[in-house]
Amino acid sequence: MRDGISIEFTAAITRAPSDSCVNGISAANLGSPDPALFREQHTAYVAALDRAGVTVTVLAADERFPDSVFVEDPAFCLPEIAILLRSGAPARQGEAEAIEPAIRSFYGQHTCSMSDGALVDGGDILVTGEEILIGLSNRTNSYGINEITEILRPWGYKVRAVDTPTGVLHLKTDCATLGGDTVLATRRLATSHIFDGYEVMLVPDGEEAAANSLRVNDTVLLAAGFSKTADTLSAAGFEIECLDVSEARKLDGGLSCMSLRFRSDGRRR
């Protein structure tokens, strides 16, 4: 594999938050999201992607699915193929079909779906320069991981199943790839040894929510309010941009969840 597929992107798909987001799935106990404020924050997020060099397609809000702003979960995009996923959350089943037309507008026939019973949420998929890690969780099962492994076999991708710590919704809730063999991770995830062989930058204790950051080309997008993490990344030479994602966090979401990112030229770097 090459580093480019994990951090270099030319295009992204997002979806505006719906008014029905107030009924979204949440274990965060941070209160209900404000749809109007959520849309303002989402607009700022799209603008940040644009500044990072990505052409963004913004889909209209879908009131049928309260969590549909989190477009990363129902699909997985690589330069060669897009996979429509199946979520382990019953309320979110149907989101893949809803986003399929947008996916096919870029990938056409290079789009596939998963079998019944094969469950994977995109938030459990971390792409690094070395491999694709998929976390077993309440939303992702071994059957789903095995199916993705087989789908990607023709292109030589290395897929590795890892355990997501108890109490963590998604693998990427607690980590992000920063390029090369460097990852940002919480202490609880780093001590699980899934990143043995990687250079791990630890999120300072008390700022665990900052782990759901997002590197897009030369910029690392970081949730606002985590100054220690921001200082750590800046000191390491990363260009960062802090964004307010308070409303996404109320629905257990973060920066990586709100976009599907890929190379629209179809080239593997």
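Helices and strands here are DSSP runs, numbered from the N terminus; a strand has at least two residues. The exercises below concern a predicted model.

**Exercise 1. Locate Ala60 and decide whether it is buried, partly exposed or exposed.**

Solution. 
1. Ala60 belongs to the loop that joins strand 2 to strand 3.
2. The relative accessible area of Ala60 is 57%. The cut-off for exposed is over 50%, so Ala60 is exposed.
3. In space, the C-alpha of Ala60 lies 8.3 Å from that of Pro17, although 43 residues separate the two in sequence.

**Exercise 2. Determine how many disulfides the structure holds, and explain why Cys77 is in none.**

Solution. 
1. A disulfide is a covalent bond between the sulfur atoms of two cysteines. The cut-off applied is a sulfur pair within 2.5 Å.
2. For Cys77, the closest cysteine sulfur is that of Cys112, at 11 Å; this is too far for a bond.
3. Cys242 is likewise in no disulfide, since the nearest cysteine sulfur, in Cys257, is 17 Å away.
4. By this rule, the count is 0 disulfides.

**Exercise 3. Classify the ring pair of Phe38 and Phe70 as stacked, tilted or edge-to-face.**

Solution. 
1. The structure holds 4 aromatic pairs.
2. In the pair of Phe38 and Phe70, the ring centres are 6.5 Å apart and the planes meet at 45 degrees.
3. Planes under 30 degrees apart count as stacked and those over 60 as edge-to-face; the pair is therefore tilted.
4. The pair links distant parts of the chain: Phe38 is in helix 2 (residues 35–51), and Phe70 is in the loop between strand 2 (55–59) and strand 3 (75–77), 32 residues apart.
5. Both Phe38 and Phe70 are buried.
6. Elsewhere, one aromatic cluster is formed by Phe106, Tyr107 and Phe262. A ring may also face a charge: the charged end of Arg261 sits over the ring of Phe9, at 5.9 Å from its centre.

**Exercise 4. Describe the surroundings of Thr164 and state whether the residue is buried or exposed.**

Solution. 
1. Thr164 is placed in the loop between strand 8 (159–163) and strand 9 (175–179).
2. Its relative accessible area is 12%. The cut-off for buried is under 20%, so Thr164 is buried.
3. Apart from neighbours within four places in sequence, the residues in contact with Thr164 are Asp124, Gly135, Leu136, Ser137, His170 and Leu171.

**Exercise 5. Determine in which sense strand 10 pairs with strand 9 and with strand 11, and which residues stand opposite Leu184.**

Solution. 
1. Strand 9 and strand 10 pair in the antiparallel sense over 4 bridges. Here Ala176 stands opposite Leu184.
2. These two strands form a hairpin with 2 residues between them, and Gly180 in the turn has a positive phi of about 60 degrees.
3. Strand 10 pairs with strand 11 (residues 199–202) in the parallel sense, again over 4 bridges. In strand 11, Met201 is the bridge partner of Leu184.
4. From strand 10 (residues 182–185), Thr182 and Leu184 point one way, while Val183 and Ala185 point the other way; all are buried.

Notes
Residues numbered from 1 in each chain as written. Predicted model: local features only at pLDDT ≥ 70, side-chain atom pairs only at ≥ 80, totals over all residues. Heavy atoms only, no water. Phe/Tyr/Trp six-rings, centres within 6.5 Å; stacked < 30°, edge-to-face > 60°. Buried < 20%, exposed > 50% of the residue type's maximum accessible area, 1.4 Å probe, protein only. Lys NZ or Arg CZ within 6 Å of the ring centre and 35° of its normal. Contact = heavy atoms within 4.5 Å. Pairing = 2+ DSSP bridges.
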